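Visitor: I would like to be walked through this protein chain. Please show it first.

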Amino acid sequence: MRRSSVRAVCFDLDGTLFDDRQYARAGLCSAAEELRRRTGVDLTEEFLRAYFRDGHREATFDVVLSEAGLADDHVPALVSAYHDNDAPLVPYPDAEATLERLERTYHIGVITGGTNGREKLSRLGLDDRVDEVIVTAERADSKRSPEPFVEMAKRFGVPETTMAFVGDRPALDFPQPNGLGMLTVRLMRGRYADAVARNAAAPDVAVSSLDDIPGIVTPFDEQLEQP
Ligand SMILES: [Mg+2]
């Protein structure tokens, strides 16, 4: 059985500490504002509809601009506006209190693949609650490789087997931490709540609220256990 005694609790960011649809909504509105400034045309509703209703998560701007008969040379500026805006983001209601409880006892890390992970944390007001952040996109790396998890353990100076990883997307978030003997905790929330998690992607524990996490980890005790 995997130990639940840990020294560090690490989190995925998008969909785990906040509802990442907010980031998309704020980005799409910012891009629409940039397009309006450049062309006088307001496609806010069209961007939101294409992304959220029609499922165009990639190439959203190309699709909508083409439908509207506008040139695609606006796309790079819209992509920049999407990512560079600084509209505040709101964490899940249980995120801050959970981090506050955990940080008294454990190292707190975030491992995210999402673009602008550091900016997101600061827009969420959570940057002070997190000791170490690894943004895999900055390292030409991904959570599909063990590297970011091994690197986080190294930064904290603890064995991987004394770290927990909390995520919302089993296929991406758990195979590597499971392979390294970390405690894996699935938050059953958001767009992957119904995803089937089998074999290597199966978490050790599933929770419906971040509030449950302090109750399932216990501090590693040097006296009782050797890593
Ligand atoms: Mg996620």
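Guide: This is a predicted model, in which local features need pLDDT of at least 70 and side-chain atom pairs count only at pLDDT 80 or more, while totals for chains, interfaces and linings use all residues. Residues are numbered from 1 along each chain as its sequence is written.

Visitor: How many helices and strands does the protein chain have?
Guide: Both are DSSP runs numbered from the N terminus: helices are H or I with at least four residues, strands are E with at least two. Counted that way, the protein chain has ten helices and eight strands.

Visitor: What separation lies between the centres of domain 1 and domain 2?
Guide: The bounds come from an automatic or database domain assignment. Domain 1 takes 5–18 + 89–219, and domain 2 takes 21–84. Taken over C-alpha atoms, their centres are separated by 30 Å.

Visitor: Is β3 largely enclosed or exposed?
Guide: A residue is buried if 20 or more other C-beta atoms, placed from the backbone, lie within 10 Å of its own; it is exposed at 12 or fewer, and partly exposed in between. H107, G109 and I111 point one way from β3, and I108, V110 and T112 point the other way. Since six of the six residues of β3 are buried, the strand is largely enclosed.

Visitor: Which residue of β4 stands opposite I111?
Guide: Strands pair if DSSP finds at least two bridges between them. β3 and β4 run parallel and are joined by four bridges. Opposite I111 in this pair stands I134.

Visitor: Which residues touch the most other members of the largest nonpolar core?
Guide: Such a core is a set of buried Ala, Val, Leu, Ile, Met, Phe, Trp, Tyr and Cys residues joined through C-beta atoms within 7 Å. The largest one has 40 residues. Elements giving two or more residues to this core include β2 (8–11), β3 (107–112) and β5 (163–167). The residues touching the most other members are V6, V9, C10, M163 and A164.

Visitor: Which residue in β3 stands opposite C10?
Guide: β2 and β3 pair in the parallel sense over four bridges. C10 touches G109, V110 and I111, among others (contact: C-beta atoms, placed from the backbone, within 7 Å). The one standing opposite C10 is G109.

Visitor: Within what arc do the buried residues of α4 fall?
Guide: In α4 (residues 75–84), the buried residues are L78, A81 and Y82. The arc is that of the directions from the helix axis to the C-beta atoms. These residues line one face of the helix, because they fall within an arc of 105°.

Key:
Contact = placed C-beta atoms within 7 Å. Lists of a residue's contacts leave out its neighbours within four places in sequence.
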